[in-house]
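Colleague: I'm new to this one. Can you put it on screen and walk me through it?

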Amino acid sequence: QVQVVESGGGLVQAGGSLRLSCAASGSIFSINAMGWYRQAPGKQREWVATITRGGTTTYADSVRGRFTISRDNAKNMVYLQMNSLKPEDTSVYYCNARGSIYYWGQGTQVTVSS
C-alpha cells in the first residue's frame, strides 16, 4: 500500500504562483512514477504532469511552460510549482503514485481569482 497526501492549495490572484506538495509513504519501492491531476466542478479529472522514477517529466499542453513538476527522492516528496496562474486553473488538484495500481490523495483546492 502507498499513501499520498497533498498540501499547498489556496486562493491566489491571476498571474500569481503556488507550490503544491505531495508526500508519499508506505511501499514506495513499488512506485514507478508520480503525477498530478486536476478536476474542476462539472468536469472530468484531467492529467496535468508526470515525473518518472528517473526524473523524466511530461506536461499537459495547457500547463507546459507555466507549471514545473519535481521530486525529492530522499524525502519521498513531489512538488508542482505553478506560475502565471489563470482562472481556468481553478480545480481540485490530486497527486497520484503509480505502481501496479494508482494510489490517489484526497486533493487540495486551488482557486485563481480574476
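Modeller: Let's start with Arg 98. Leaving out residues up to four places away in sequence, Arg 98 touches Ser 30, Ile 31, Asn 32, Ala 33, Gly 35, Tyr 37, Trp 47, Ala 49 and Thr 50. Contact here means heavy atoms within 4.5 Å.

Colleague: What kind of model is this, and how are residues numbered?

Modeller: This is a predicted model: local features need pLDDT of at least 70, side-chain atom pairs count only at pLDDT 80 or more, and totals for chains, interfaces and linings use all residues. Residues are numbered from 1 along each chain as its sequence is written, and side-chain values use heavy atoms, with hydrogens and water left out.

Colleague: Okay. Where does Arg 98 lie?

Modeller: In strand S9, residues 91–98. Strands (E, at least two residues) and helices (H or I, at least four) are DSSP runs, numbered from the N terminus.

Colleague: Which side chain of opposite charge is nearest to Arg 98?

Modeller: Glu 6, and it is 12 Å away. Arg 98 is buried yet has no salt bridge. Buried means under 20% relative accessible area, exposed over 50%, and partly exposed in between (1.4 Å probe, protein chains only). For charge, Lys and Arg count as positive and Asp and Glu as negative; His and the chain ends are not counted. A salt bridge is a side-chain nitrogen of Lys or Arg within 4 Å of a carboxyl oxygen of Asp or Glu.

Colleague: Which side chain does Arg 98 join in a polar contact?

Modeller: That of Thr 50, at 3.0 Å. A polar contact is a pair of N or O atoms within 3.5 Å; within protein, one must be able to donate a hydrogen and the other to accept it, and residues adjacent in sequence count only if both atoms are side-chain atoms.

Colleague: Tell me about Thr 50. Is it buried or exposed?

Modeller: Buried, with a relative accessible area of 7%. Thr 50 lies in strand S5, residues 46–52. The side chain of Thr 50 also has a polar contact of 2.7 Å with that of Trp 47. Beyond four places in sequence, the contacts of Thr 50 include Met 34, Thr 57 and Ile 69.

Colleague: New topic. How many salt bridges are there in the whole structure?

Modeller: A search finds 4. One of the pairs is Arg 38 and Glu 46, 2.6 Å from N to O. Arg 38 is buried at 5% relative accessible area, while Glu 46 is partly exposed at 35%.

Colleague: What about Asp 89 and Arg 38?

Modeller: They form a salt bridge too, with the closest N and O atoms 2.9 Å apart. Asp 89 sits in the loop between S8 and S9 and Arg 38 in strand S4 (residues 33–39), so the pair ties together parts 51 residues apart in sequence. Both residues are buried.

Colleague: And Arg 66 with Asp 89?

Modeller: Their side chains meet in a salt bridge of 2.8 Å, N to O. Arg 66 is in the loop between strand S6 (57–59) and S7, and Asp 89 in the loop between S8 and S9, so this pair links parts 23 residues apart in sequence. Salt bridges with shared partners join Arg 38, Glu 46, Arg 66 and Asp 89 into one network.

Colleague: Now the sheet. What is the strand order in the open sheet of 4 strands?

Modeller: S1-S3-S8-S7, with antiparallel pairing. Two strands pair if DSSP finds at least two bridges between them. S1 (2–7) and S7 (67–72) stand at the edges with a single partner strand each, so one side of each is left without a neighbour in the sheet.

Colleague: How many bridges join S3 to S8?

Modeller: 6, between S3 (residues 18–26) and S8 (residues 77–82). In S8, Gln 81 is the bridge partner of Arg 19. S7 and S8 are also joined by 6 bridges and run antiparallel. There, Ile 69 has Leu 80 as its bridge partner in S8.

Colleague: What's in the S7–S8 hairpin?

Modeller: There are 4 residues between the strands, and Asn 76 takes a positive phi near 55°. Asn 73 is in that loop. The side chain of Asn 73 makes a polar contact of 2.7 Å with that of Arg 71.

Colleague: Last one. Where is Gln 106 found?

Modeller: In the loop between strand S10 (102–104) and strand S11 (108–113). Gln 106 is partly exposed at 49% relative accessible area. Not counting residues up to four places away, Gln 106 touches Val 4, Val 5, Glu 6 and Tyr 94.
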